[in-house]
Amino acid sequence: MAASHGFWSLGGENAGEPGSPNLSAPRAWCQAAAQKFSGGIGSKLCALLSVGEAERPADPAAKRDPDIPAETCGCAEPGGFGDLYSSDLLPALDGDVKTLSFLQEVVDILLSYVVESFDRSTKVIDFHYPNELLQRNNWELSDQPETLDEILLSCRATLKYAIKTAHPRYFNQLSTGLDMVGLAADWLTSTANTNMFTYEVAPVFVLLEYVTLKKMREIIGWQDGRGDGIFSPGGAISNMYAMLLARFKMFPEVKEKGMCSVPRLAAFTSEHSHFSIKKGAAALGIGTESVICIKADERGKMIPSDLEKRILEAKQKGFVPFFVSATAGTTVYGAFDPLIAIADICKKYNIWMHVDGAWGGSLLMSRKHRWKLNGVERANSMTWNPHKMMAVPLQCSALLVREEGLMQSCNQMHAVYLFQQDKHYDLSYDTGDKALQCGRHVDIFKLWLMWRAKGTIGFEAQIDKCLELSEYLYNKIKDREGYQMVFDGKPQHTNVCFWYLPPGVRYMEDKVERMKRLHKVAPVIKARMMEYGTTMVSYQPQGDKVNFFRMVISNPAATFEDIDFLIEEIERLGQDL
């Protein structure tokens with residue numbers, strides 16, 4: 001297999017028009033490489049690669065004029081990777097050039113995929129059913145190593161069938177889009193390949209986490225940004241951390257003696273809250289039956305009077321209320337619970353108040369929309385996922401805690417092989433003992449680097465734009481024939497929930513049959529979206545409501561034209577239903 005032309009596209013000051021061969025690029029790249037890499041790597045790489053037009057494999061898309069003499073720099077004809085294996089790469093002896101060449105091939109594959117992902121003429125998904133996809137490629141693992149050629153083919157195949165989550169018409173999840181600075185930061189993070197548990201192995205990353213968490217706490221409204229926090233593997237784990245801290249704060253003996261040492265506990269959350277609250281209770285041994293779901297109004301907001309009522313009922317039954325999780329941006333409706341009223345109740349009954357702002361917390365970055373989280377500064381803890389509305393690459397979730405030192409007391413185990421007390425630097429920067437994990441991925445750098453690149457005002461503009469697009473969609477369909485909103489009024493977040501009623505359902509008089517038919521509409525249209533590969537939008541039922549579309553916008557690449565396309569595509573795919 002010949003080396004890709006990714007190298008040649010990078011060099012040369014006299015680059016021609018797009019698509020035309022650049023004859024000066026090979027020599028320019030070769031000279032630049034020789035200067036840039038130390039230890040003779042540049043000259044070795046030049047020797048490995050055929051940088052002369054005459055020596056390079058013919059590119060059928062760009063044929064050289066035979067009358068123009070080919071420039072060469074005496075480099076040898078390159079081989080492919082068909083006879084090379086991972087054992088030939090670094091740290092193998094003389095593996096530097098082969099490694100650079102192999103990684104350039106990988107980068108070419110990735111860059112091609114990145115550019116394609118933003119091309120609206122390409123599919124969001126090349127969908128195949130699981131059994132079909134299993135048969136199309138050999139995904140099995142073998143005892144013997146494969147060549148690097150085969151490894152590159154596996155990379156291409158994996159991306160071929162991957163969902164283009166950066167595509168401007170991908171609206172399926174709360175996490176969409178692809179930021180170029182964030183991507184670069186993720187590459188750097190993987191290259192550094194370190195662990196977040198101690199300052200000695202991650203000095204810069206630990207400091208960046210300290211700086212960023214403090215900034216986030218300031219934005220919440222905690223005085224001088226004081227408090228604590230940690231980046232965790234997603235909002236579900238951040239929520240569980242909060243529940244763990246709330247239990248420890250009220251009953252510190254539970255850490256050593258377990259649940260048998262504490263009374264029956266009760267946690268409270270909205271009926272529209274994320275399932276992770278119950279999952280956390282199950283994992284911590286509290287039990288899902290101890291999570292009491294509070295009624296929500298027609299817009300999906302927790303009803304404070306019902307919260308107080310259920311707290312009193314739990315106390316009468318012998319439960320000890322210890323945790324209330326309010327939601328800032330529910331998953332389906334995008335609702336914001338009334339935090340001030342909830343904070344008043346928590347203060348009255350001395351209950352830990354947590355705000356699950358995994359989806360809506362980023363609105364704190366917007367001067368126009370942060371009012372929706374008024375009262376968040378009174379919370380004891382908050383979950384905030386920058387990998388959603390801020391479009392930081394997955395994963396990036398933070399738990400912010402108002403009380404400093406509580407995480408350390410709750411979780412530390414004093415492992416002396418990691419957290420020696422006689423180190424020569426400030427031990428407060430060894431953050432690993434306050435985490436549940438030992439090995440912890442570096443999630444901070446992509447958020448920090450994006451923040452440096454955009455500034456707070458850049459994130460603000462990005463978030464405001466997404467909310468503007470959601471309002472545009474709402475205004476387009478609220479009175480449009482064939483559409484019905486799930487709830488009245490402009491959405492608070494980018495969630496726009498609606499039914500599409502095809503002509504065959506629109507005029508049915510039998511309401512029971514109409515609902516039965518309508519329940520099947522969204523799944524069929526969604527399946528057709530995926531088979532055509534044109535767009536992706538989520539759907540679900542909610543309570544007694546049949547399946548409806550839940551459109552969410554967090555992709556900075558989306559435009560008003562993409563919203564128009566979505567409406568037209570839903571109508572096209574559903575017209576015969």
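**Close-up 1. Helices H11 and H12 are roughly parallel to each other in this predicted model.** The angle between H11 (residues 304-316) and H12 (residues 339-349) is about 20°, and their axes are 9 Å apart. An angle under 35 degrees counts as roughly parallel. The crossing of H11 past H12 is right-handed. H11 contributes Pro 304, Leu 307, Glu 308, Ile 311 and Leu 312 to the contact. H12 contributes Ala 341, Ile 342, Ile 345, Lys 348 and Tyr 349. Eight of the contact residues are nonpolar, two are charged and none is polar.

**Close-up 2. Strand S8 is largely enclosed by the rest of the structure.** S8 spans residues 397-401, and five of its five residues are buried. In a regular strand, side chains alternate between the two faces of the sheet. Ser 397, Leu 399 and Val 401 point one way from S8. Ala 398 and Leu 400 point the other way. Residues of both sets are buried.

**Close-up 3. S8 pairs with strand S2 and with strand S7.** S2 covers residues 228-232 and pairs with S8 in the antiparallel sense, over five bridges. Asp 228 has Val 401 of S8 as its bridge partner. S7 covers residues 381-384 and also pairs with S8 in the antiparallel sense, here over four bridges. In this pairing Ser 381 stands opposite Val 401.

Close-up 4. Asp 94 is exposed, with a relative accessible area of 51%.

**Close-up 5. A cis peptide bond joins Leu 394 and Gln 395.** Omega is about -10° for this bond. Gln 395 is placed in the loop between S7 and S8.

**Close-up 6. Asp 224 has a positive phi although it is not a glycine.** The value is about 60°. Asp 224 sits in the loop between helix H7 (203-220) and S2. Its relative accessible area is 48%, and Asp 224 is partly exposed.

**Close-up 7. Five strands form an open sheet with mixed pairing.** Their order is S1-S11-S12-S10-S9. S1 (170-171) and S9 (483-485) stand at the edges. Each has a single partner strand, so one side of each is left without a neighbour in the sheet. S1 runs parallel to S11 (residues 536-542), and two bridges join them. Tyr 170 stands opposite Met 536 of S11.

Definitions and conventions:
Residues numbered from 1 in each chain as written. Predicted model: local features only at pLDDT ≥ 70, side-chain atom pairs only at ≥ 80, totals over all residues. Heavy atoms only, no water. Axes fitted to C-alpha atoms, helices over the stretch in contact; angles between N-to-C directions. Parallel < 35°, antiparallel > 145°, perpendicular 65-115°, else oblique. Left-handed = near helix turned anticlockwise from the far one by under 90°. Contact = heavy atoms within 4.5 Å. Nonpolar A, V, L, I, M, F, W, Y, C, P; charged D, E, K, R; others polar. Buried < 20%, exposed > 50% of the residue type's maximum accessible area, 1.4 Å probe, protein only. Pairing = 2+ DSSP bridges.
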